[in-house]
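Here are a few notes to read beside the structure. Keep the view open and check each point as you go.

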Amino acid sequence: MSKKDLGLLILILVVGAVVTAINPRFLSTINLANTSNLVALFGILSIGQAFVIITGGIELSVGSLVALLGTLFIDFIAVREMNWPLAFVLIIALGAVIGFVHGWLITRLKMQPFVVTLCGLLIYRGVARFYTADGTAGFAFGQNFPDLEFLTAGRSGGLPNSFMALIVIAIVMWVVLHRSVFGRYLYAIGKNEEAAKYSGIRTGRVVIAAYVICGVLTALSAIYFAMYTRSISPASHGQFYELYAIAAAVLGGFSLRGGEGSLVGVILGTVLLQELQNLVNLLGIPSSLNFAVMGGVILIGVLVDQQWGVFRARRRMMEATRRNVAGAPAE
Amino acid sequence: MNYSDTSFAQSTTAPFLSLEAVRKTYPGVVALDGFSMEVGPGEVIGLVGENGAGKSTLMKILGGVTRPDSGTVTVDGVAHDGLTVEASIGSGIAFVHQELNLFENLDVAANIFFGREPLKAGPLRLVDRVRLREMVAPLLKRVGANFSADTPVASLSLAQQQMVEIAKALSIRARLVILDEPTSSLPIAETEKLLDVIKGLRAEGISVIFISHRLHEVERVADRVVVLRDGMLAGTLPKSEINHDQMVKLMIGRMLKEREKAAEAGRAPGGVALSASAVRTTAYPDHPVSLELRRGEILGLAGLVGSGRTELARVLFGIDERLGGSVALDGKTLGVGSAADAVANGIFLVPEDRKLTGILLDLSIAQNISLPNLPAHAKRSLVSTGAEIATAEKQKKALGIKAPSVLTRTGTLSGGNQQKVVLAKWLAMNPKVMILDEPTRGIDIGAKAEIYGLMRSLADAGVAVLMISSDMEEVIGVSDRIAVMHEGQVSGILDRDDFSQENVLLLAVGKKPRLTQAAGGVQ
C-alpha cells in the first residue's frame, strides 16, 4: 500500500470515528451491511472507470449504461422470461461490445474519449427510455429468482455477497493492473503514449482492451444495481454514476492525465464516497446538501494531495542536486 | 600557445567584461576554481568545455542568478563581488538560450517588445502598433532578418526564431550577447545565417560569448577560444591557433580516438539487410524514395532539415503510414504496419526526440529497457521484476550508464545517459537493423564518443546501422557510406573517397557532387 493509499485509509477511519461518536448507529450491523453493499456496487463500476482513466481516457457513459443494461436485464428475465444465466452472459457481452466500440472509435478513428463517451451518455439514456416507453422496468408481483437474488442481493454470514464479489474482482484486477504485462502497458501508455508506441507496444489494442474491461465491469455492476433496486425507471436510474466512478478514482490518487493510480486507491475512494453519503444521512444533514459535501471533500482531498506532491517533488529535487553535486561533477 | 589568459593583448581598449579569480563551490564540488577571463568590446569568444566543466555556473554568475564565493566580475569598468539579475541586465548582458523563450502564438514585434510595448495616449493603454513596427524594423535589419515584424513566430524556422531572440537582446541595448548552444538543433544552411548574424554583432562593437559543442563553428566565428575544464581555465587559444584538435585536446586532455576508430576504412560490408523501394512518405507523397542498407555498415543519412529523413525512418519503423512502395528485410518483403511489427522483425529506432518518444521519463531505467520486450521478462504474463533488473544491470554495465541504480527514474539522468537507456533497450534484443535519428544531439563529447563506439561495434557484429545526422563532422567522421536526401528523395550516395562537406552540401541542395573518379559512388 502506498503512502497515498494509507493517507486515504486514515482519513476514512477518522471520518468513521467522528461519525460514530456523534451517531453510534454508524457501526450497527445493518448500516455496515447496507454501506458495504453500496461500496461493492459502486466499487465494481469505479474499477472499470479506473482502467480507462489510467490510459488517460475517460468513460462518461457508464451511468447511462447502468440504466440501459439494467433495464434490458430485467426485461430479459422478467418480461421475456429468458433464463437468467443466459441473460447475464448476454448483458456482459453487450457491455464488452459497447466498450469495444468506444475503444475502436477512440484509437482507430482518433476521436476524443470525452466526446465519444459523452455521446454514449446521451444515446444509451435515450435508448433506455425509448425501450420502456419511459415506463418502469420491474418484476411482476411474486416473481422470484432465488439463485440470482442470493448471488446479487443476498448475504452470507452478515456480509453482502456483492461485497464478496467486489473483493474477488478487486484481487483479480489488482494483479492485472499491478503485476501483469498488460498492466505495465496501461501505465506506460498513460504516462506517454507516443513513447510506448515507439517501444513497439500495440497501443491501440491495449487502449481498446481497457474500454472493454470498463464495459464488462459496468455491465456487471448494472446487473447488481438492477437487482438492488428491483425496479428501474430509465430516466433517472444510474444518473451521475459516471461522476461517482470518476470521483472515486480521483480521490484514490488517479490522475486524469493518465499513468497514475492504484487499485487499492480506487476502492478506498469508493469507500470514502459512500461513507460521506452515509454521514449525510446519519448526521441529519439535509440530503439536498449531499452533492455539496461530496464535492467539497473531493476538492480538499485532491488539493491536499497535490500540495503534498509538490512539497515532496521539491524535497526530492533538492536531495538529488545535493547528491549530483557531491557525487558526479563530470556528468 | 597561450595558457595564461590575462597577458593576451587583444586591444588597447579596456575589456567590456572581465572575471578575476572567480570561485564558486557547491556542497561537495568546486564548480569554478579561480577562473579568469576577459571579453573585449566587439570580440567573439568561443567558450567550450565538456558538460560539467563549469559553463552553466559561469552563465549563472554572468546572468546574476548565482553569486560567486570569491573573485570579482567587472562589467564596463564597474567591479562587482557578484552580479544581481538587475545589474546584469542593466549593464547590457543578454542571453540567447538553447531553448528559446518566445511566445509562438504572437508575432515577431510583440515578442521583441513584450511587456515594453509603446502605448497610445489615453486611458485604454492600447498598443501603438505603428510605432512598434517602426521600432522593430531597424532591429530586424541589424540581425539580417528576411521576415517582417508581423510574422507569427510559430511560422519561423528555428534560426529565424533565434534572430528574434537576438533582436530582442539588441532592443535592450545589449553590449554582450551570450549564445548558449545556439546551433545544436539548426540544420547546416540555417547555421550559416546565425554565424553571419554573430559577425554582424561583432562589426557593431557588441561582444559575443558563443558556447557550442560544434567545434568547427567555433573555429569559424571566434576571435579567441576559452576552454573550461573541471571548473578551471584549461587554456586560451588566440585566433591563429584555433583549431579543432587543439580545442579537443584542451577540453578532455586527450585526443578523441573513438571517432577515428569508428570510421576505420577498408571494411567489407555484407549483403543488403534492409531495402526500401519506391517508398512514399506523408512528407513527400509524390517523391518515392529508395535506399539499401547493408549488414555491417554505418550508412549516414544527411540532408537539410525537412528533406524527409526523419519521415523515412518513421516509415521504416512502422510509426508512419507507408503510402506506397515496399520494404524488404533480408530479401523478404515486410508488411511493416506498426512499430510493433518492426520491433518483432528486429528493426529498431532510436528516435530524434529522446524525451517525447525515446524513453518514458517517469519509468525506471529497468522498466524502460524491458518495455519493448516485456513478455520475455514475464512468467504467465506476470512481470518478473527480477528478470527486468537482471537485464537492466547487464546493459547498465555494458553501456556504462551512470545512475545510482537501475531502479532510478530515467527522467533524473543526464541527456547522454538517457540516450544510452534508449540504446540499451534495443541492444538487449538483438537488433538486425538499427536506425538512429540524431543520436548525439545535445550530448557532451565524452558520451558522443561512446555512442560512436557503440554504433561501430554494432556494425562489426553484422547489424545494419542507419544514422541520420545534421552534424556534418559526425556524418563524415562516422559513416561508411553517406546517403544524402533532398526533397524527399536520395539525391546521391557517397563512398568514403568522395566524403567532403562540400559534396554533402551539394547533394543536400540537389546539385551534383565533385567526385574523385568518373565512375564514382553516386547512384
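1. Start with a cut-off. A residue counts as buried if 20 or more other C-beta atoms lie within 10 Å of its own, as exposed if 12 or fewer do, and as partly exposed in between. Bear in mind that this is a predicted model.

2. Now apply the cut-off to B:K60. This residue has 17 other C-beta atoms within 10 Å, so B:K60 is partly exposed. B:K60 sits in helix 1 of chain B, residues 55-62. Leaving aside residues up to four places away in sequence, B:K60 touches B:V65 and B:T66.

3. Compare B:K60 with B:D480. The two are 420 residues apart in sequence. In space, their C-alpha atoms are 41 Å apart.

4. Look at the domains of chain B. The domain assignment gives domain 1 (1-92 + 175-254), domain 2 (271-346 + 430-523) and domain 3 (361-429). The C-alpha centres of domain 1 and domain 3 of chain B lie 38 Å apart.

5. Turn to helix 5 of chain A, residues 113-131. At 1.5 Å a residue, its 19 residues should span 27 Å. The end C-alpha atoms are 26 Å apart, which agrees.

6. Which residues of helix 5 of chain A are buried? They are A:P113, A:V116, A:T117, A:G120, A:Y124, A:R125 and A:A128. These cover an arc of only 155° around the axis, so they lie on the same side of helix 5 of chain A. Their cover includes helix 3 (62-79) and helix 4 (84-107) of chain A.

7. On the other side of helix 5 of chain A, A:V115, A:L122 and A:F130 are exposed. After this helix comes A:A133, with a positive phi near 50°.

How values were computed:
Residues are numbered from 1 along each chain as its sequence is written. Chains are lettered from A and ligands numbered from 1 in the order in which they are written. This is a predicted model: local features need pLDDT of at least 70, side-chain atom pairs count only at pLDDT 80 or more; totals for chains, interfaces and linings use all residues. Helices (H or I, at least four residues) and strands (E, at least two) are DSSP runs, numbered from the N terminus. The expected span of a helix is 1.5 Å times one less than its number of residues. The arc is that of the directions from the helix axis to the C-beta atoms. Two residues are in contact if their C-beta atoms, placed from the backbone, lie within 7 Å. Domain bounds come from an automatic or database domain assignment.
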